[in-house]
Amino acid sequence: MASDTTKGEWNPGKKYQVILSQIQDVLSSGEKRTVRDVYYALESRGHKWEYRYVKRAVKKGRRAGYIDPAQIVDASRTAENVAATGWRDPEHFVADRIDEVWNDYWEDFWREQETYVEVWLEKQSLASVFAPICEEFNVRLEATRGDWSDSKVYQASNRLAEKLRDGKDVRILYFGDYNPSGFHAPVSILDAMGYYGIDLGREFPGSDDPRYYDVEHGAPFESPSGGSFALERKALNTEHIERFELPENPVPSSSDKDATIKRSFRRYVSEGRDTNVELNALKEFEREFLEGLVRDAIEEHVDLEKKHGVEDRIEERREQLAECIDIDRDALEGDDAE
């Protein structure tokens, strides 16, 4: 699944050759920049290009290898919860405090799980609902707004490719709106991953094909290293809308450029209806149900026996640390008495 080759090639015309050369000059210092930073840097050097040309040059250029993807960053979109690594054993445990410091000792139970799990959330406004649950299970939460930038796709591809090389079964749990964007955004992300080393071996057709909205088509995808990959769309779906009688989005997007996508969405997803319901509605109507949905989706991929085994080991090692610290404290107090 992981690949060192790019998905496609780009043969830029004379205009884009010039822009790429100027961008490469801007990035030659090694400093990381956002796309807008690149635009301003070109402007400051007297290169007057429209932003859309610069944006396209960066996107196409990094995908085709003209620009180092690692030098383009997106500071506005960061993970809401990053999984902690824990300690591998007591020898790696270092702390500044002495009193009850053993209670800080912790290990990541995911190390012994066959599956690696992340939660991807389309709505940043719902991060406060998802974050506590993800923290409870030490699961990475990515909360963004709709489509991802290439910077974010590149970072995710590198992160997930490493898990696949370790033989893990990668499972992405996706929560988004019930509208064209909410269904197509995750498909678009998987498509873009093909440029950065995650080759799923699946076809990504145009909007006149039902697979355009089916992120689970062909999943799970097997990895040469022994693991597998699947993105599971957990919400929002028709059953949730009908069961809880969720209201429509009061201010849906009406952009003309989305006409084809909306038409195909009605044909292949919403059974001919102009349905646009936000995940936020489920939170307001049935928050406990949504929280349970997130928790159940994570637990579905947890080997509880192994998890409890790690928890028992943590408790045992905390007791060992407590005994060692007590012995050292007693010895120290004895020296002081003398």
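Residues are numbered from 1 along each chain as its sequence is written. In this predicted model local features need pLDDT of at least 70, side-chain atom pairs count only at pLDDT 80 or more, totals for chains, interfaces and linings use all residues, and side-chain values use heavy atoms, with hydrogens and water left out.

**Exercise 1.** Find which strands pair with strand 3, and state how many of its residues are buried.

Solution. 
- Strands (E, at least two residues) and helices (H or I, at least four) are DSSP runs, numbered from the N terminus. Strand 3 covers residues 169-175.
- Two strands pair if DSSP finds at least two bridges between them. Strand 1 (residues 115-121) pairs with strand 3 in the parallel sense over seven bridges; Val-119 has Leu-173 as its bridge partner in strand 3.
- Strand 5 (residues 228-235) also runs parallel to strand 3, joined by seven bridges. Here the bridge partner of Val-170 is Phe-229.
- Buried means under 20% relative accessible area, exposed over 50%, and partly exposed in between (1.4 Å probe, protein chains only). Six of the seven residues of strand 3 are buried.

**Exercise 2.** Describe the salt bridge between Glu-118 and Arg-159 and the network that includes both residues.

Solution. 
- A salt bridge is a side-chain nitrogen of Lys or Arg within 4 Å of a carboxyl oxygen of Asp or Glu. For Glu-118 and Arg-159 the closest N and O atoms are 2.6 Å apart.
- Glu-118 lies in strand 1 and Arg-159 in helix 5, so the pair ties together parts 41 residues apart in sequence.
- Both Glu-118 and Arg-159 are buried.
- A network of salt bridges links Glu-118, Arg-140, Glu-142, Lys-152 and Arg-159.

**Exercise 3.** Decide whether Glu-43 and Lys-48, which form a salt bridge, are buried, partly exposed or exposed.

Solution. 
- The closest N and O atoms of Glu-43 and Lys-48 are 3.4 Å apart.
- Glu-43 has a relative accessible area of 23%, so Glu-43 is partly exposed.
- Lys-48 is at 60%, so Lys-48 counts as exposed.

**Exercise 4.** State which helix gives the largest share of the lining of the largest pocket.

Solution. 
- Helix 3 gives the largest share, nine residues.
- The lining divides into 10 nonpolar, six polar and 14 charged residues. Asp, Glu, Lys and Arg count as charged; Ala, Val, Leu, Ile, Met, Phe, Trp, Tyr, Cys and Pro as nonpolar; the others, Gly among them, as polar.
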